[in-house]
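Subject: Structure for your review

Dear colleague,

Please find below the sequence and the structure that I am handing over to you. My findings follow directly after them.

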Amino acid sequence: MKEKIEALMQEVAALKAASRQEVEDARVRLLGKKGSITELFEEFRGVAPEMKREFGAKLNVLKNAATDRIAQLREEVENKAACADGGASGDLSMPGDPFELGSRHPVSIVRQEIVDIFRKFGYDVAEGPEIEDDWHVFEALNFPPEHPAREMQDTFFVSEGQLVGEGEEKHYWNPLLLRTHTSSVQVRTMERSQLPIRVICPGRVFRNEAISARAHCIFHQVEGLYIDEGVTFADMKQAILLFAREMFGPETQIRMRPSYFPFTEPSAEVDVSCNICGGKGCNICKGTGWLEILGCGMVDPNVLEASGIDSKKYSGFAFGMGIERIAMLKWQVKDLRNYFENDLRFLKEFNTVL
């Protein structure tokens with residue numbers, strides 16, 4: 001019996017048909033009342049009890065393989081026939097092939113949500129080039145020449161810049177680089193816009209970092225800038241609190257911790273109360289009840305002056321957040337790399353979002 005089963009398995013694998021009749025003939029020959037496989041099942045009754053389990057399993061595999069192959073051949077023949085006569089012989093009442101709908105990327109979803117929130121607060125959207133010069137990325141933002149962010153380990157440089165000076169004083173100035181933050185868009189906005197300024201700057205940024213679950217060389221930011229007469233730290237705190245409650249829920253609280261950024265003084269890091277545990281402490285917030293979301297501060301007077309704004313008359317605040325970071329907190333995504341790998345299993349989870 002073993003040899004018969006193996007021979008029929010080979011026959012099934014090599015089975016071909018060019019017409020509906022040939023498919024039916026194959027079905028009758030193999031699975032009909034007097035078919036080869038049916039006869040094997042009759043023979044199976046006489047198999048020794050200790051061999052029934054082995055041969056029974058092989059017979060079932062054979063029968064399933066034959067059934068699937070004949071169904072496949074029948075579908076192929078029907079499709080060829082439908083194509084030959086323009087589909088007129090097909091069953092027009094049958095539903096068509098479903099088109100699988102895609103969804104927006106989670107980073108795009110969160111970016112749009114952030115933009116919509118700040119638009120309600122009266123902010124415009126400003127964008128700028130991803131390949132920038134040193135002036136707009138560092139110099140105009142009060143980065144001192146020796147700042148670590150200017151070194152190759154943090155920044156992707158594109159060119160050495162312009163050669164200026166004479167003799168021994170010759171040096172390269174204002175090299176081109178991939179922007180490390182969207183603060184460069186804020187500088188361009190301050191240079192060309194009339195006051196007051198109230199903008200957010202979403203975009204992609206680049207840093208020369210090792211890729212891991214918590215870091216990537218490419219990510220997305222949204223930065224905000226508000227400059228006018230009499231702008232205070234309290235105005236900034238209220239704007240961030242309103243944003244946090246719009247994004248994470250009306251019960252959300254914030255706290256500010258002193259920090260340092262070259263382009264703001266004073267500066268702060270902002271945490272929100274964990275929306276998973278309600279501030280009680282969980283593995284997401286590492287038991288603290290707080291989650292860090294952004295950095296902020298009052299615009300340094302040197303930054304205002306570098307863009308031609310009178311720092312004695314005007315003041316302002318700036319803030320910045322990583323879009324991937326907000327998305328990770330919103331949906332508890334634990335690996336930053338998921339946003340960049342185009343894994344449909346991951347992206348399908350957002351089909352019902354927005």
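In this predicted model, helix α5 (residues 106–120) packs with helix α8 (residues 233–248) at an angle of about 135°, and their axes lie 10 Å apart. On the α5 side, the residues involved are E113, I114, I117, F118 and K120, and they meet F243, E246 and M247 in α8. Sorted by class, this contact of α5 with α8 has five nonpolar and three charged residues, with no polar ones.

Helix α2 (residues 20–31) and helix α3 (residues 36–44) pack at an angle of about 10°, with 3 Å between their axes. The angle therefore makes α2 roughly parallel to α3. R29, L30 and L31 of α2 make the contact with S36, I37 and T38 of α3. By class, three nonpolar residues, two polar residues and one charged residue take part in the contact of α2 with α3.

Helix α10 (residues 323–331) also deserves mention. Its buried residues are I323, E324, I326, A327, M328 and L329. The elements that the buried residues of α10 pack against are the helices α5 and α8, discussed above, together with the strands β7 (218–228), β10 (290–299) and β11 (315–322). Just after α10 comes Q332, which takes a positive phi of about 55°.

Turning to the chain as a whole, the secondary structure comes to eleven helices and eleven strands. The radius of gyration of the protein chain is 33 Å, whereas the globule rule gives 20 Å for 354 residues; the value is well over that figure, so the chain is more spread out than a compact globule. Taken along the principal axes, the C-alpha atoms fill a box of roughly 100 × 60 × 45 Å. Of the 354 residues in the protein chain, 40% are buried. Among the contacts in the chain with a separation of 6 or more, 64% are accounted for by residues 24 or more positions apart.

Yours sincerely

Note on methods: Residues are numbered from 1 along each chain as its sequence is written. This is a predicted model: local features need pLDDT of at least 70, side-chain atom pairs count only at pLDDT 80 or more; totals for chains, interfaces and linings use all residues. Side-chain values use heavy atoms; hydrogens and water are left out. Axes are lines fitted to C-alpha atoms, for helices over the stretch in contact, and angles run from 0 to 180 degrees between N-to-C directions. Helices (H or I, at least four residues) and strands (E, at least two) are DSSP runs, numbered from the N terminus. Contact means heavy atoms within 4.5 Å. Ala, Val, Leu, Ile, Met, Phe, Trp, Tyr, Cys and Pro count as nonpolar, Asp, Glu, Lys and Arg as charged, and the others, Gly among them, as polar. The radius of gyration is taken over C-alpha atoms; the globule rule is 2.2 Å times the number of residues to the power 0.38. Buried means under 20% relative accessible area, exposed over 50%, partly exposed in between (1.4 Å probe, protein chains only). Angles under 35 degrees count as roughly parallel, over 145 as roughly antiparallel, 65 to 115 as roughly perpendicular and the rest as oblique.
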